[in-house]
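Okay, thanks for making time, everyone. I'd like to walk you through one model, a few spots at a time, so let me put it up on the screen.

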Amino acid sequence: MKAKVAINGYGTIGKRVADAVSAQKDMEIVGVTKARPNNESRLAVAKGYKLYAALPEKIPDFKKAGIPVEGSLEDLIGKCDIIIDCAPGKSGVLNKDKYYAPKNKKAIFQGGEKSGTAQASFNAISNYSKSIGKQFVRVVSCNTTGLCRTLHAVEELSPIANARVTLIRRGADPKEIDEGPINAIVPNPVTVPSHHGPDVQTILPHVPITTIAVIVPTTLMHFHSVMVELKNKVTKEQVLEKFERSPRIRLVSADDGITSTAEIMELAKELGRSRSDMPEICVWKESVNMQGNELFYMQAIHQESDVVPENVDCIRAMLGLEKDPMKSIRMTDEAMGLKKWW
Ligand code: NAD
């Protein structure tokens, strides 16, 4: 029997997770919620998802807009084995206290929630087994996911003495018209270090890491400049081979015409990816370099999609559907048509 999965918040992340779950053999979507009736609600119904109102008082609004709803979030919770909370940041913890905990329902939260909201933070390749059987788990943010994937791969070659990362963050998602900046570079946070390093340590607690972050006027992807001091001698060829063989990391090359985040997004379109997504972390081949014991590389993160396969694996871990992380990662990646690393 397939695991019954519900999505609370069918927005940027929620709609992608819904499609990724639907593509798996061992799980299905039993319903999704929207806070308000709008075109996304209509499209969810058109795709065949059963729609529920995230806020019960809004049910009449859906009816008035001619969008069929099956009931409220509470009704949906009664029908699922696990709920994926994809509501706006900081709403997840409220939903946990009001709905999931009283009903003793398993729930996955996203990176917009504080780590204390859940019993564990999750990144499939780095710490899958820590979430097996847990009730509340948080899939870390898009930036943290990107850093964990590549730092975990590096760690398999040598223990890390120190990592320093500058994050150049996108100002908004493509659909967000009220966010910025339009013409500025904004230190965010202006304090150093940024919160991203401690967030990586919720997954890789033994990695000393310091991060600095700015926001820039782009909507396509985040960009990381990564410097890692290694304890053992490693060659750049070993690093490149490791990245090549690692799940959800894609080597791209300026030589091959990928000189920018814009060209990565074009590649995703050409690959025929749903919504032009690039869930793999893209590392520029030419940027991978060793100077003494220090490793350098540059990577790009598609913020709207890199956490999506992580949510699928997190479901398998929490429900105990698969104990072996690599088997789950492969199942997810095959179903989503991601890079063939196996
Ligand atoms: P979004 O605004 O695109 O979607 C949120 C959805 O939740 C909307 O469909 C909205 O209708 C619904 N909603 C609003 N209030 C709700 C409530 N009280 N209960 C349930 N649903 C409600 O947001 P998003 O970008 O998908 O972000 C969701 C979570 O994922 C956040 O924690 C965010 O930090 C995290 N995240 C976002 C990105 C990104 O780049 N967009 C990347 C990684 C993680």
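Let's begin at strand S5, which covers residues 106–109 and has Ala107 in it. Before I go further, keep in mind that this is a predicted model.

So, is Ala107 buried or exposed? Its relative accessibility comes out at 0%, and anything under 20% is called buried, so Ala107 is buried. Which residues does it touch, if we skip the neighbours within four places in sequence? Ala107 is in contact with Ile82, Ile83 and Tyr100, then with Gln135, Phe136 and Val137, and also with Met318. One distance for those of you who like to click along: from Ala107 to Gln119 is 12 residues along the chain, and their C-alpha atoms are 11 Å apart.

Let's follow that contact over to Met318. This residue sits in helix H11. Met318 has 1% relative accessibility, so it counts as buried too. Again setting aside the neighbours within four places, the contacts of Met318 include Ile82, Lys106, Ala107 and Ile108. Further along the chain, Met318 also touches Ser131 and the run Gly133, Lys134, Gln135, Phe136 and Val137. Now look at Gly133 and Met318: in sequence they are 185 residues apart, yet C-alpha to C-alpha they are separated by 4.4 Å.

Now for the helix itself. H11 is residues 308–319, and its axis comes within 9 Å of the axis of H1, residues 12–22. How do those two cross? The angle is roughly 55°, so H1 and H11 are oblique to each other. The crossing is right-handed. On the H1 side the contact uses Arg16, Val17, Ala20 and Val21, and on the H11 side it uses Val308, Asn311, Val312 and Ile315. If you sort those by class, you get 6 nonpolar, 1 polar and 1 charged.

H11 has another helix to talk about, H12, which is residues 325–336. Here too the axes come within 9 Å, with a crossing angle of roughly 135°. That angle makes H11 oblique to H12. The H11–H12 crossing is right-handed. From H11, the contact brings in Val308, Pro309, Val312, Asp313 and Arg316. From H12, we have Ser328, Ile329, Met331, Thr332, Asp333 and Met336. The class count for H11 with H12 is 6 nonpolar, 2 polar and 3 charged.

Okay, zooming out. How is the chain divided into domains? The assignment gives domain 1 as 3–140 + 307–336, and domain 2 as 142–301. Going by C-alpha atoms, the centres of domain 1 and domain 2 are 26 Å apart. In the contact between them, domain 1 supplies 26 residues and domain 2 supplies 17 residues.

One last stop, and it's a charged residue: Glu40. You'll find Glu40 in helix H2, residues 39–46. Buried or exposed, what would you guess for Glu40? The relative accessibility is 12%, so Glu40 counts as buried. And who is around it? Beyond the neighbours within four places, Glu40 is in contact with Tyr10 and Gly11, plus Lys15, Lys34 and Lys175.

Key: Residues are numbered from 1 along each chain as its sequence is written. This is a predicted model: local features need pLDDT of at least 70, side-chain atom pairs count only at pLDDT 80 or more; totals for chains, interfaces and linings use all residues. Side-chain values use heavy atoms; hydrogens and water are left out. Axes are lines fitted to C-alpha atoms, for helices over the stretch in contact, and angles run from 0 to 180 degrees between N-to-C directions. Helices (H or I, at least four residues) and strands (E, at least two) are DSSP runs, numbered from the N terminus. Angles under 35 degrees count as roughly parallel, over 145 as roughly antiparallel, 65 to 115 as roughly perpendicular and the rest as oblique. A crossing is left-handed if the near helix is turned anticlockwise from the far one by less than a right angle, and right-handed if clockwise. Contact means heavy atoms within 4.5 Å. Buried means under 20% relative accessible area, exposed over 50%, partly exposed in between (1.4 Å probe, protein chains only). Domain bounds come from an automatic or database domain assignment.
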